[in-house]
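Please keep the sequence and the structure in view while reading.

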Amino acid sequence: MSAEGIGLYTARGWKRRSVRVSGASLEEVRAVPIPMGDPHTQAWDRPPPAGHDVFELQVPVVLDPLPAPRRYAGVFVRVSLDDQRVNVQGVQRYPEAAQGDLPVTAEETVGAAAGVFFGHSANPRQPGVRDGRYGLRVVLTVPVDLPDLSGTVRVDTTFAHRGWLLRRPRLEHAHGDTLVRFTMHLPDERVPAVPVSGADPAHPHDRRPSVRLCLAADIERFSRFRTPEAARAQERFVGLLAEARRHAGIPDGDVDPQESGDGRFEVFPAPLDEASVIPRLVEGLRDALARTNADLNAHARLRIRVALHRGHLHHGVNGWVGESAIAVHRLLDSGPLRRALTDHQKADLALIVPDVLYRDVIGHGYGGLPPDRFRPVHVRIPEKRFEEPAWIYVPD
């Protein structure tokens with residue numbers, strides 16, 4: 001894209017009259033591939049998700065000169081990507097530090113967005129600059145099936161004005177009058193930075209504390225089975241869960257399970273592309289159950305409850321610990337999920353997810369998983385001091 005102008009406006013008076021004070025220009029936004037082995041990737045705490053490659057997004061902004069005696073005291077540049085599967089791994093100033101540039105005093109990275117603040121946050125009345133070139137260098141992981149990278153750039157400034165009668169500079173905020181959109185076509189032939197899904201290949205069971213997706217599942221009315229039947233039911237249960245994971249692209253060696261007689265708790269590797277993994281996992285569970293039950297009679301038929309959750313987990317001496325590890329079992333054992341499977345006798349699967357997963361992933365319809373088929377519920381277990389909004393899905 002070519003350079004595009006951004007007007008900077010400040011509001012004055014009780015009628016909020018907008019007054020233009022200066023402007024900025026967004027120069028060409030570029031996405032540069034980063035190969036594995038580059039210092040950008042070597043410094044990461046974790047590899048990129050499977051099926052993603054790595055780019056550096058360069059977002060240069062040039063500030064127009066301010067008329068004397070005004071000076072820029074702060075500049076905030078923020079970039080937001082449209083596709084939520086894109087994830088920010090790191091951000092720094094662009095270009096590199098130069099004589100007279102404002103210092104970087106705050107940074108933020110949130111999912112598919114990143115921002116950098118230039119200025120004297122500790123003392124905003126420090127001498128500023130008349131103009132300058134600022135912007136972001138953002139390291140992104142991008143799905144290899146994403147043909148175009150698009151998003152918006154926002155620029156806001158704070159400027160200091162010292163008049164003849166002012167003993168101290170007056171600070172005013174100027175906002176960009178528009179979000180500037182950019183779109184660029186990515187190379188057609190791209191190779192994932194990490195060819196296999198999940199954790200560090202050097203650590204098949206990566207147990208470092210991190211935010212992870214976890215699953216809890218159990219078999220309905222497991223106590224009806226006699227001992228030989230229970231053993232066969234367990235084998236089928238473990239087998240169909242493994243089949244569903246593989247369908248979602250998660251190798252067996254990347255999962256750290258905890259078993260019980262009629263249930264199973266699994267922690268998936270970090271990071272994962274949840275927008276791809278969750279729909280395929282649900283699809284895999286549904287299809288694996290259909291195949292397992294195809295030649296079983298009514299007594300042997302497996303019907304299961306499944307709960308998903310996401311949160312920060314830590315591996316202790318006796319397994320995984322963390323709020324999500326507790327919450328996923330509370331959801332699994334909840335009355336609304338049990339009733340959902342009881343009320344749909346022709347179904348083999350009932351799934352429950354917390355509201356955060358519904359809002360982040362399922363509600364956007366990724367992978368063909370129908371958000372309108374999920375029913376909102378409120379799970380409340382007073383004796384466990386647990387309460388959480390959730391969504392239940394019972395596939396046909």
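How many aromatic pairs does a search of the whole structure find? The search returns four. The model is a predicted one, and the pairs below are read from it.

One of the pairs is formed by Phe222 and Phe225, whose ring centres lie 5.9 Å apart with the planes at 80°. An angle over 60 degrees counts as edge-to-face, so this pair is edge-to-face. Phe222 has a relative accessible area of 15% and is therefore buried; Phe225, at 10%, is buried as well.

Tyr358 and Trp391 make another aromatic pair, and this one is stacked, with 3.7 Å from centre to centre and 5° between the planes. Tyr358 belongs to helix α6 (residues 355–360) and Trp391 to strand β20 (residues 386–393), so that the pair links distant parts of the chain, 33 residues apart. Both Tyr358 and Trp391 are buried. Ring pairs also extend the group: Tyr358, Phe374, Trp391 and Tyr393 are linked into a cluster.

The chain has six helices and 20 strands. Of its 396 residues, 49% are buried. Among contacts between residues at least 6 apart in sequence, 74% join residues at least 24 apart.

Strand β13 (residues 210–219) pairs with β15 in the antiparallel sense over five bridges, and Ala217 stands opposite Arg264 of β15. Strand β14 (residues 256–259) also runs antiparallel to β15, and four bridges join them. Here Pro257 stands opposite Glu266 of β15. The strands β14 and β15 form a hairpin, with three residues between them.

Strand β10 (residues 148–161) is a second case of an enclosed strand. Eleven of its 14 residues are buried, so β10 is largely enclosed by the rest of the structure. Which strand pairs with β10 over ten bridges? That strand is β5 (residues 71–81), and the pairing is antiparallel; within it, Gly74 stands opposite Thr158 of β10. Strand β12 (residues 180–185) is paired with β10 in the antiparallel sense over six bridges, with Val180 of β12 as the bridge partner of Val153. Strand β11 (residues 170–176) pairs with β10 over six bridges, again in the antiparallel sense, and His175 of β11 is the bridge partner of Asp156.

The helices come next. Two packed helices are described by the angle between their axes and the distance between the axes. For helix α2 (residues 227–247) and helix α3 (residues 274–293), the axes come within 8 Å and cross at roughly 140°. That angle makes α2 oblique to α3, because only angles over 145 degrees count as roughly antiparallel. The crossing of α2 and α3 is right-handed. On the α2 side, the contact is made by Arg236, Leu240, Leu241, Glu243, Ala244, Arg245 and His247. On the α3 side, the residues in contact include Arg280, Leu281, Gly284, Leu285, Ala288 and Leu289.

Most residues other than glycine have a negative phi, and most peptide bonds are trans. Arg221 is placed in the loop between β13 and α2, and at 55% relative accessibility it counts as exposed. Arg385 also has a positive phi, near 55°. This residue is found in the loop between β19 (375–381) and β20, and Arg385 counts as exposed at 80% relative accessibility.

How values were computed. Residues are numbered from 1 along each chain as its sequence is written. This is a predicted model: local features need pLDDT of at least 70, side-chain atom pairs count only at pLDDT 80 or more; totals for chains, interfaces and linings use all residues. Side-chain values use heavy atoms; hydrogens and water are left out. Two strands pair if DSSP finds at least two bridges between them. Helices (H or I, at least four residues) and strands (E, at least two) are DSSP runs, numbered from the N terminus. Rings of Phe, Tyr and Trp (its six-membered ring) pair if their centres lie within 6.5 Å; planes under 30 degrees apart count as stacked, over 60 as edge-to-face and the rest as tilted. Buried means under 20% relative accessible area, exposed over 50%, partly exposed in between (1.4 Å probe, protein chains only). Axes are lines fitted to C-alpha atoms, for helices over the stretch in contact, and angles run from 0 to 180 degrees between N-to-C directions. Angles under 35 degrees count as roughly parallel, over 145 as roughly antiparallel, 65 to 115 as roughly perpendicular and the rest as oblique. A crossing is left-handed if the near helix is turned anticlockwise from the far one by less than a right angle, and right-handed if clockwise. Contact means heavy atoms within 4.5 Å.
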